[in-house]
Amino acid sequence: MKKVIIYTDGACRGNPGPGGWGAFIKFDGIEKEMFGGQVDTTNNQMELSAAIEGLLALKEPCEVDLFTDSKYVMDGMNQWIQNWKKNNWRTAAKKNVKNKELWQQLDKLTSYHQVQWHWVKGHSGDIGNETADCLANKGIDSIS
């Protein structure tokens, strides 16, 4: 199984507001940069979209080390999602899970790959995270 590294980031100018996502993919010495944006979105939606788009770019099942600076994405995938699924996509407080469709898409994609989630502190000099951040901002610029 191929080993891939993906750095993801989302950004928003205003929350909600115009937003962008970025994914920086590394495989076997090859690097790929991706970004996109939406006119009216939230930072959390863009963080989820970055992970989704990064995984969608993979053409076959892979071992993935996915790096994000989003505690929301990390905690969602490592702590909350199993209970959400058991509770029919409701939180412990019996409320509908926010961004349910994005979480469901991300959950489906992670069933194809072996994904290890890694949190990295944003704006701390990590080159992969800094690249993903720049791409997310390009995503915002691409829609304005």
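Predicted model: local features only at pLDDT ≥ 70, side-chain atom pairs only at ≥ 80, totals over all residues.
Visitor: In which helix is D133 found, and which residues does D133 touch, not counting residues up to four places away in sequence?

Guide: D133 lies in helix α4, which covers residues 127-141, and, once residues up to four places away in sequence are set aside, D133 touches D9 and H123.

Visitor: Which positions does UniProt list for "binding site", and how large is the largest C-alpha distance?

Guide: The UniProt record, an unreviewed entry, lists D9 and D133 under "binding site"; although they are spread over 125 residues of sequence, they cluster in space, with a largest C-alpha distance of 5.5 Å.

Visitor: Is D9 buried or exposed, and in which strand is D9 found?

Guide: D9 sits in strand β1, residues 2-12, and D9 is buried, because its relative accessible area of 2% falls under 20%. Apart from neighbours within four places in sequence, D9 is in contact with a set of residues including G20, W21, G22, D69 and D133, and also M46, E47 and A50.

Visitor: Which residues of α1 are buried, and what should its 14 residues span?

Guide: In α1, the buried residues are M46, E47, L48, S49, A50, A51, I52, G54 and L55. As for its length, at 1.5 Å a residue the 14 residues of helix α1, residues 43-56, should span 20 Å, and the end C-alpha atoms are 20 Å apart, which agrees.

Conventions
Residues numbered from 1 in each chain as written. Heavy atoms only, no water. Helix = DSSP H or I, 4+ residues; strand = E, 2+ residues; numbered from the N terminus. Expected span 1.5 Å × (residues − 1). Buried < 20%, exposed > 50% of the residue type's maximum accessible area, 1.4 Å probe, protein only. UniProt positions renumbered as here; feature names shortened; annotations may be inferred. Contact = heavy atoms within 4.5 Å.
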